[in-house]
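Trainee: Please take a close look at one part of this model for me. I would like the surface first, then whatever connects to it.

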Amino acid sequence: MGLLRPGLWLKKLWILLLVIVEVAMGKVLMTLFPERATQNILAMGQKTGMTRNPQFSPDNWVPTFFSIQYFWFVLKVRWQRLEDKAELGGLAPNCPVIRLSGEKCNIWDFIQG
C-alpha cells in the first residue's frame, strides 16, 4: 500500500494500545474469575453462532481467548478495518478482490496511468 497516510500510524498505534489493554484485562479476568469469564464468552458465542456447531466444543475454543494468537488476529482485523475506510478527500482503500479467474488482487491493481 506504500507509505501510510498522515495520521494513520497514530490510529494504528491507538488500536495497538487498545488491543494490548483488552487482551491483558481479559487474561487477568480469565485468571481471577475463570467461571464468570467463560460464561461471558459462551454468551457471546451464542450471539455469534459459535456454540451451534456440536463438533466445536467450547472446551476447545474458550481457552484460546486472550492468547498471543488471539492478540495478533484481533490486531490484524482492526488494522485492516481501519485501512478499509474511505475518508473524504483521502485515498480510496486498497481492498482485496478476486478476479473471475479466481486470482486474488487488490483494487489498486486496476488503476491505470
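Mentor: Trp9, Leu10, Leu13, Trp14, Leu17, Leu18 and Ile20 form a nonpolar patch on the surface of this predicted model. Trp14 sits in helix H1. Its relative accessible area is 54%. The cut-off for exposed is over 50%, so Trp14 counts as exposed.

Stay with helix H1, which spans 8-32. H1 also carries Glu22. The side chain of Glu22 meets that of Arg78 in a salt bridge, at 3.0 Å from N to O. Arg78 belongs to helix H4, and the two partners are 56 residues apart. The pair therefore links distant parts of the chain. Neither end reaches the exposed class: Glu22 is partly exposed at 37% relative accessibility, and Arg78 is partly exposed at 30%.

Now the largest pocket. Glu22 and Arg78 both line it. Its volume is about 270 Å³. The lining also includes Val19, Val23, Met44, Phe65, Phe66, Tyr70, Phe73, Val74, Val77 and Arg81. By class, that lining has nine nonpolar and three charged residues, with no polar ones. Helix H1 and helix H4 (68-83) each supply at least two lining residues. H4 gives the largest share, six residues.

Next, the second largest pocket. Its volume is about 160 Å³. Gly26, Leu29, Phe33, Arg36, Ala37, Asn40, Ile41, Met44, Phe65 and Phe66 line it. H1 and helix H2 (34-48) are the elements that give two or more residues to this lining. H2 gives the most, with five. The classes here are seven nonpolar, two polar and one charged.

The whole structure holds two salt bridges. Besides Glu22 with Arg78, there is Glu103 with Arg99, at 3.6 Å from N to O. Glu103 is partly exposed, with a relative accessible area of 44%. Arg99 is partly exposed too, at 34%.

Terms used. Residues are numbered from 1 along each chain as its sequence is written. This is a predicted model: local features need pLDDT of at least 70, side-chain atom pairs count only at pLDDT 80 or more; totals for chains, interfaces and linings use all residues. Side-chain values use heavy atoms; hydrogens and water are left out. On a 1 Å grid over the protein atoms alone, a cavity is a set of points where a 1.4 Å probe fits but cannot get out, and a pocket is an open set with protein on both sides within 12 Å along at least five of seven lines; lining residues have an atom within 4 Å of a point. Grid points are joined across faces, edges and corners, and a volume is the space filled by probe spheres set on the points. Helices (H or I, at least four residues) and strands (E, at least two) are DSSP runs, numbered from the N terminus. Ala, Val, Leu, Ile, Met, Phe, Trp, Tyr, Cys and Pro count as nonpolar, Asp, Glu, Lys and Arg as charged, and the others, Gly among them, as polar. Patches are made of residues with over 30% relative accessible area and no salt bridge: like charges are joined within 9 Å, nonpolar side chains (Val, Leu, Ile, Met, Phe, Trp, Tyr) within 5 Å. Accessible areas come from the Shrake-Rupley method with a 1.4 Å probe; for residues, only the protein chains shown count as cover. A salt bridge is a side-chain nitrogen of Lys or Arg within 4 Å of a carboxyl oxygen of Asp or Glu. Buried means under 20% relative accessible area, exposed over 50%, partly exposed in between (1.4 Å probe, protein chains only).
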